[in-house]
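Here's a quick walk through one protein chain, from the overall fold down to a few residues worth a second look. Have the viewer open as you read.

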Amino acid sequence: MKLSIALLFTAGSATAFVPSSLAPSSYSRHLAIKSVFYKNSVLCMSAETDVAESAAIADKDTDATTLEFPPILQELRDVAMRLHTREQAPREGQAEAPKKPAEPFVPTQADYLQFLVDSYVVYVALEEIVNEVDALAPFRNSGLERTQGLEKDIQYMCQRFDLLRPEAGKAGSMYAAQLKNMIKSDDDIPEFMCHYYNFYFAHLAGGRMIGKQMSKLLLDGEALEFYKWGENVNELKDSVKGKIEELAKGWSRKERDSCIDATAAAFMGGGAINGYLYGGSPH
């Protein structure tokens, strides 16, 4: 089991979307940030495994001859792949591989509980922002929301393992505060959407694999509510992706770059929380 956990936290990330070229104005900036991801996270924080579906959704109702920019999820995918190592993404990875520990870190129930608590405060922040910002109304009650399930899971962990509910740690508190302070006007929505997309969709992809491993290792196979959705997951993903593309249709090149340029920060924010499960974030 130690080996399987170690492999999970160092294995190749599964990202979605058809590759696309970055605009010349932003290409050098993305190369400059390529190394920061693995400083705080070796988990898959970019979104998914189905390569073509986002482009298909974006193009469904769009005349290709009038499309000024490629789908935003293609552009996000392009940057995300550069933030992976060659081991994770042999053809596109450019980030430096992290140094592997001599002994694999094996998380405890307390580590997992801290991960859940920190995840909870970030999801609370995301839901509050979506509910408060008019331009984000299409994303309300999307089916992605995780706070209710996490609250049940936190109570369950405390009761079953006789653990006190911890305060949110530095990783979750800082990332939640960063998100809450992000949107000062509608001009900041593209940056926020990068965080929204990466945090929610990472959980739909690599997060589910992590949940299965933690279930086997720590919960005798018990599945937490955090990893349950009340509808078809693929349909849910398609629906939200379509809304993201619809929102991004009106963005200028500058606004799109603002979204894309937030990728490294999104990886670091989520990766710090995942660090509770591989020894990267002390309690």
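## Two loop residues with positive phi

Start with Asn-141, which sits in the loop between α6 and α7 (147–161). Keep in mind that this is a predicted model. Asn-141 isn't a glycine, yet its phi is positive, at about 50°. Is Asn-141 buried or exposed? With 75% relative accessibility, Asn-141 counts as exposed.

You'll find Asp-162 in the loop between α7 and α8 (170–180). Phi of Asp-162 is positive too, near 55°, again in a residue other than glycine. Asp-162 has a relative accessible area of 71%, so it counts as exposed.

## The overall picture

Zooming out, the protein chain has 13 helices and zero strands.

Of the 283 residues in the chain, 51% are buried. The accessible surface comes to about 13,100 Å², and carbon and sulfur atoms make up 51% of that surface. As for contacts with a separation of 6 or more, 83% of them join residues 24 or more positions apart.

In soluble globular proteins, nonpolar side chains tend to be buried together. Here, the largest nonpolar core holds 61 residues, and Tyr-112, Leu-136 and Phe-192 are the ones touching the most other members. Which helix gives this core its largest share? That would be helix α6 (residues 109–132), with eleven residues.

Setting aside residues up to four places away in sequence, Phe-192 touches Leu-126, Ile-129, Val-130, Leu-136, Leu-179, Met-182 and Ile-183.

## A buried arginine without a salt bridge

Back in the loop between α6 and α7, have a look at Arg-146. Arg-146 is buried but has no salt bridge. How far away is the nearest side chain of opposite charge? That side chain belongs to Glu-145 and is 6.6 Å from Arg-146, while a salt bridge would need the charged atoms within 4 Å.

The side chain of Arg-146 does reach the backbone oxygen of Leu-144, at 3.1 Å. Beyond its neighbours within four places in sequence, Arg-146 is in contact with Tyr-123, Glu-127, His-203, Glu-225, Phe-226, Tyr-227, Lys-228 and Trp-229.

Technical notes: Residues are numbered from 1 along each chain as its sequence is written. This is a predicted model: local features need pLDDT of at least 70, side-chain atom pairs count only at pLDDT 80 or more; totals for chains, interfaces and linings use all residues. Side-chain values use heavy atoms; hydrogens and water are left out. A nonpolar core is a set of buried Ala, Val, Leu, Ile, Met, Phe, Trp, Tyr and Cys residues joined through side-chain atoms within 4.5 Å. Buried means under 20% relative accessible area, exposed over 50%, partly exposed in between (1.4 Å probe, protein chains only). Helices (H or I, at least four residues) and strands (E, at least two) are DSSP runs, numbered from the N terminus. Contact means heavy atoms within 4.5 Å. Accessible areas come from the Shrake-Rupley method with a 1.4 Å probe; for residues, only the protein chains shown count as cover. Lys and Arg count as positive and Asp and Glu as negative; His and the chain ends are not counted. A polar contact is a pair of N or O atoms within 3.5 Å; within protein, one must be able to donate a hydrogen and the other to accept it, and residues adjacent in sequence count only if both atoms are side-chain atoms.
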